Amino acid sequence: KSTPKFSPRMATSAIDAHCIDIEGTQETAFGLWMFEVAGGLRYSSIGQQCRAQSRNAAGVLLGDIAFEHGFDGVGPTLGIEVRRSAGPQFGFFGNLRGSLLYGVGTSSLVAGEDLDLQTPFTTRDSTSRDDLLPIGEMQVGIDWRTPLTRFVQRDGEFFCRAALEGQLWQDAG
């Protein structure tokens, strides 16, 4: 039977982000190429939590840090997508999207030092500020499409996609 190894340090973090986009789109085709532009409004809410603790060999808590950061904002979003057909139903695509959100950013910190001593030291700090959050996104991938008329008597397409995606939320947390 093995005994779990004692760890004097522990750290955790979590991030939670939600976005709602309301957009208008326009498509146009040039041969096998399809172009789509989009513009609209984005709302986003982000919450981030970090926690770290340090203990001595006996398991007594020496230090503890808890940090939370949040942002709620709204602003314009613009996007462009290019798709190239590779047969009757398959294709390749790539897209770029950019958003610039204005809102309120909040931060709070509680840090305790020397918690094992008679007079521990605790720091508390909270801030709230107007913030500007730029967001950039990029996707590249493949898709499969079929007309909806195969399933129902309506215009349009059913499609499935597989993509690689990268996102940059500048100074989000």
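This briefing walks through confidence, salt bridges, a surface patch and a few individual residues of the structure above. The model is a predicted one, where local features need pLDDT of at least 70, side-chain atom pairs count only at pLDDT 80 or more, and totals for chains, interfaces and linings use all residues. Residues are numbered from 1 along each chain as its sequence is written, and side-chain values use heavy atoms, with hydrogens and water left out.

**Confidence and strands**

- The mean pLDDT (the predictor's confidence in each residue, from 0 to 100) is 89 for the protein, and 92% of the residues score at least 70.
- Confidence is lowest in strand β1 (residues 9-30), with a mean of 92, and highest in strand β4 (residues 90-113), at 95.
- Strands here are DSSP runs (E, at least two residues), numbered from the N terminus.
- A reminder for reading any such model: where pLDDT is low, the predicted coordinates should not be read in detail.

**Salt bridges**

- A salt bridge here is a side-chain nitrogen of Lys or Arg within 4 Å of a carboxyl oxygen of Asp or Glu, and by this rule there are ten salt bridges.
- Arg161 and Asp143 form a salt bridge whose closest N and O atoms are 3.5 Å apart.
- That pair links distant parts of the chain, with Arg161 in strand β6 (residues 157-169) and Asp143 in strand β5, 18 residues apart.
- Asp143 is buried, having a relative accessible area of 2%, whereas Arg161 is partly exposed at 31%.
- Arg145 and Glu157 also meet through their side chains in a salt bridge, at 2.8 Å from N to O.
- Here too distant parts of the chain are linked, as Arg145 is in strand β5 and Glu157 in strand β6, twelve residues apart.
- Arg145 counts as buried at 13% relative accessibility, while Glu157 is partly exposed at 47%.
- Both of these pairs can be found again in a network of salt bridges that links Glu81, Arg83, Asp143, Arg145, Glu157 and Arg161.

**Nonpolar surface patch**

- Ile20, Ile22, Leu41, Tyr43 and Val74 make up a nonpolar patch on the surface, and together they have about 470 Å² of accessible area.
- Such a patch is made of residues with over 30% relative accessible area and no salt bridge, with nonpolar side chains (Val, Leu, Ile, Met, Phe, Trp, Tyr) joined within 5 Å; the areas come from the Shrake-Rupley method with a 1.4 Å probe, and for residues only the protein chains shown count as cover.
- Strands β1 and β2 (33-55) each contribute at least two residues to the patch.
- Val74 sits in strand β3 (residues 61-85) and is partly exposed, with a relative accessible area of 39%.

**Residues of strand β5**

- Glu137 lies in strand β5 (residues 121-147) and is buried, at a relative accessible area of 14%.
- The side chains of Glu137 and Arg42 are joined by a polar contact of 2.6 Å; a polar contact is a pair of N or O atoms within 3.5 Å, where within protein one must be able to donate a hydrogen and the other to accept it, and residues adjacent in sequence count only if both atoms are side-chain atoms.
- Not counting residues up to four places away in sequence, Glu137 touches Arg42, Asn95, Leu96, Arg97, Glu165, Gly166 and Gln167, where contact means heavy atoms within 4.5 Å.
- Thr146 is also found in strand β5; Thr146 is buried at 1% relative accessibility, and its side chain makes a polar contact of 3.4 Å with that of Gln89.
- Asp125, again in strand β5, is partly exposed at 44% relative accessibility.
- Leaving aside neighbours within four places in sequence, Asp125 is in contact with Ser107, Ser108 and Leu109.

**A loop residue**

- Asp114 is found in the loop between β4 and β5, and its phi is near 50°, a positive value in a residue other than glycine.
- Asp114 counts as partly exposed, at 40% relative accessibility.

Terms used
Helices (H or I, at least four residues) and strands (E, at least two) are DSSP runs, numbered from the N terminus. Buried means under 20% relative accessible area, exposed over 50%, partly exposed in between (1.4 Å probe, protein chains only). Patches are made of residues with over 30% relative accessible area and no salt bridge: like charges are joined within 9 Å, nonpolar side chains (Val, Leu, Ile, Met, Phe, Trp, Tyr) within 5 Å.
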